[in-house]
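Please consult the sequence and structure shown here while reading.

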Amino acid sequence: MSNRVLCREASHAGSWYTASGPQLNAQLEGWLSQVQSTKRPARAIIAPHAGYTYCGSCAAHAYKQVDPTITRKIFILGPSHHVPLSRCALSSVEIYRTPLYDLRIDQKIYGELWKTGMFERMSLQTDEDEHSIEMHLPYTAKAMESHKDEFTIVPVLVGALSESKEQEFGKLFSKYLADPTNLFVVSSDFCHWGQRFRYSYYDESQGEIYRSIEHLDKMGMSIIEQLDPVSFSNYLKKYHNTICGRHPIGVLLNAITELQKNGMNMSFSFLNYAQSSQCRNWQDSSVSYAAGALMVH
């Protein structure tokens with residue numbers, strides 16, 4: 001047996017964001033320096049996972065709410081874009097590389113999750129093909145750099161869960177969400193609009209197409225702020241908004257519901273909203289991004 005540590009390479013560095021550590025550090029610093037920390041310490045954040053040129057400045061609004069002095073474990077829940085998955089999956093490696101520094105997976109928590117029988121393993125190929133978790137790693141590393149040897153990560157790839165599965169996983173994760181030393185990062189973009197996404201909902205009463213998209217997204221965002229998983233599911237059924245992280249969001253909302261039953265008082269606020277471009281005609285396309293934070297009172 002070799003003692004070689006298994007690593008996931010930063011497979012999207014050099015394309016979705018720069019592979020140069022110093023350059024990446026300067027970019028992240030620049031975006032974070034333009035944002036206020038008003039919702040610190042966040043217990044959970046929702047932030048986008050597109051290329052940093054599109055969503056880096058939006059994501060900063062969420063990461064600025066992270067308090068590195070108390071955070072010791074960071075759960076990163078990302079949707080699966082490439083493999084069909086009806087449950088959730090755990091990584092098969094020990095280290096996630098970033099151009100800034102390597103992040104260690106928490107093997108103890110992985111062991112606890114694995115024991116539930118609710119998870120499968122993702123192959124290294126699946127892990128490295130997927131961007132929904134990776135795009136949060138440099139920001140996580142940056143937000144935590146002052147305590148970089150004192151935290152671990154818990155990456156979870158979330159499949160196309162049924163509502164009852166979202167409830168089950170929400171229940172399971174609720175005990176981790178209850179711990180103030182844990183942070184949950186929920187990876188999601190918002191509306192993917194245009195022919196290439198096969199989604200072209202348009203409410204003309206809102207004015208131009210991009211305004212209709214914003215109205216649709218903000219409707220969903222305000223339902224998320226109400227912390228009601230059932231209303232969020234109903235919204236998705238009604239409008240079919242192409243929110244790619246809807247299942248990770250559903251898991252988070254169900255975890256919150258579980259803790260509220262036990263008397264925990266929480267609030268979620270969105271802090272930023274952006275679109276990759278403004279759609280004005282049917283040939284256009286865009287992706288929306290939103291960043292927000294959950295606080296425990």
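A pocket is an open set of points on a 1 Å grid over the protein atoms alone, with protein on both sides within 12 Å along at least five of seven lines, and its lining residues have an atom within 4 Å of a point. The model is predicted: local features need pLDDT of at least 70, side-chain atom pairs count only at pLDDT 80 or more, and totals for chains, interfaces and linings use all residues. Residues are numbered from 1 along each chain as its sequence is written, and side-chain values use heavy atoms, with hydrogens and water left out.

**Second largest pocket**
- The second largest pocket holds about 200 Å³ of space, a volume being the space filled by probe spheres set on the grid points, which are joined across faces, edges and corners.
- Among its lining residues are Glu29, Arg40, Tyr63, Lys142 and Ser146.
- Helix α1 gives the most to this lining, with 3 residues.

**Largest pocket**
- The largest pocket has a volume of about 710 Å³.
- Of its 28 lining residues, His81, His131, His192, Phe197 and Cys244 are the closest to the centre.
- Strand β12 supplies the largest share of the lining, 3 residues; strands (E, at least two residues) and helices (H or I, at least four) are DSSP runs numbered from the N terminus.

**Ala10**
- Ala10 lies in the loop between β1 (7-8) and α1 (21-33).
- Ala10 is buried, with a relative accessible area of 18%, where buried means under 20% (1.4 Å probe, protein chains only).
- Beyond four places in sequence, Ala10 touches Tyr17, Arg97, Thr98, Pro99 and Glu134, contact meaning heavy atoms within 4.5 Å.

Note on methods:
Buried means under 20% relative accessible area, exposed over 50%, partly exposed in between (1.4 Å probe, protein chains only). On a 1 Å grid over the protein atoms alone, a cavity is a set of points where a 1.4 Å probe fits but cannot get out, and a pocket is an open set with protein on both sides within 12 Å along at least five of seven lines; lining residues have an atom within 4 Å of a point.
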